[in-house]
Amino acid sequence: MDIFSVILRILHIFGAVAWVGGAWMMFLFIEPTVHALGPDGGKFMNYMATARRYPLYISAAAVITLLAGILLFGMHWRAAWNSPGGLTFLIGGIIGIIAGALGGMIGATSGSMMKLGGKIAQQGKPPSAEQQTAMRALQSRLHSLTLWTALMTTVALLLMVIAPHV
Ligand code: HEM
């Protein structure tokens, strides 16, 4: 295997580990903790997103995984895309790309939550009924998107791991 393929493979697999691990970490541990903490959960999330730059970390992991995967597919599997292994990589890749799009929607939803949270904090009075309803809707959307991203990256991972052996 040439050195460029080795580097792409390292980037692809390390990126995938960070992305899939981060997605489950968010769904199983961080999101329920933020929910249980109430208003302090908002502060926790805000610190994680701005000071610790979590969205940058997870987006970089996803983009690196997807770009390296697409290049590897083009270099090693394009000609054999309709072989059992090629098709398994292709289906896994498409599922991975959809997971990437869902990840982008998570970013947009979190952004709206932080905006609304900031507005509530600034108004100096408890949130109105509409603001509470809007926040609950955003939370429930974030919960589903996080679950679907974790599930789809895991299915992509499973297909990628079995593809060389089918
Ligand atoms: C959630 C997204 C993804 C995850 C978790 C993931 C994970 C992995 C893993 C763990 C491997 C190593 C498999 C092994 O050698 O046993 C692999 C290989 C591979 N992946 Fe992905 N992958 C993802 C997305 C993609 C995408 C979007 C493509 C593009 C079609 C892709 C194409 C490939 C290819 C072609 C290989 C074989 C590399 C080689 O030639 O050695 N992957 N992937």
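Visitor: Which residues of α3 are buried?
Guide: Keep in mind that this is a predicted model: local features need pLDDT of at least 70, side-chain atom pairs count only at pLDDT 80 or more, and totals for chains, interfaces and linings use all residues. Residues are numbered from 1 along each chain as its sequence is written. Helix α3 covers 54-77 (helices are DSSP runs of H or I, at least four residues, numbered from the N terminus). Taking buried as 20 or more other C-beta atoms within 10 Å of a residue's own, exposed as 12 or fewer and partly exposed as in between, with C-beta atoms placed from the backbone, the buried residues of α3 are I58, A61, A62, T65, L66, A68 and G69.

Visitor: How far apart are the end C-alpha atoms of α3?
Guide: The helix has 24 residues, and at 1.5 Å a residue it should span 34 Å (1.5 Å times one less than the number of residues). The model agrees, with its end C-alpha atoms separated by 33 Å.

Visitor: Which helix supplies the largest share of the shell around the ligand?
Guide: The ligand has 24 residues around it, G69 being among the closest (C-beta atom, placed from the backbone, within 6 Å). Helices α1, α3, α4 and α5 each give at least two shell residues. The largest share, eight residues, belongs to α3.

Visitor: Is G107 buried, exposed or partly exposed, and why?
Guide: G107 sits in α4 and touches P55 and S59, leaving out residues up to four places away in sequence (contact puts C-beta atoms, placed from the backbone, within 7 Å). Because it has 13 C-beta neighbours inside 10 Å, G107 counts as partly exposed.

Note on methods: Two residues are in contact if their C-beta atoms, placed from the backbone, lie within 7 Å.
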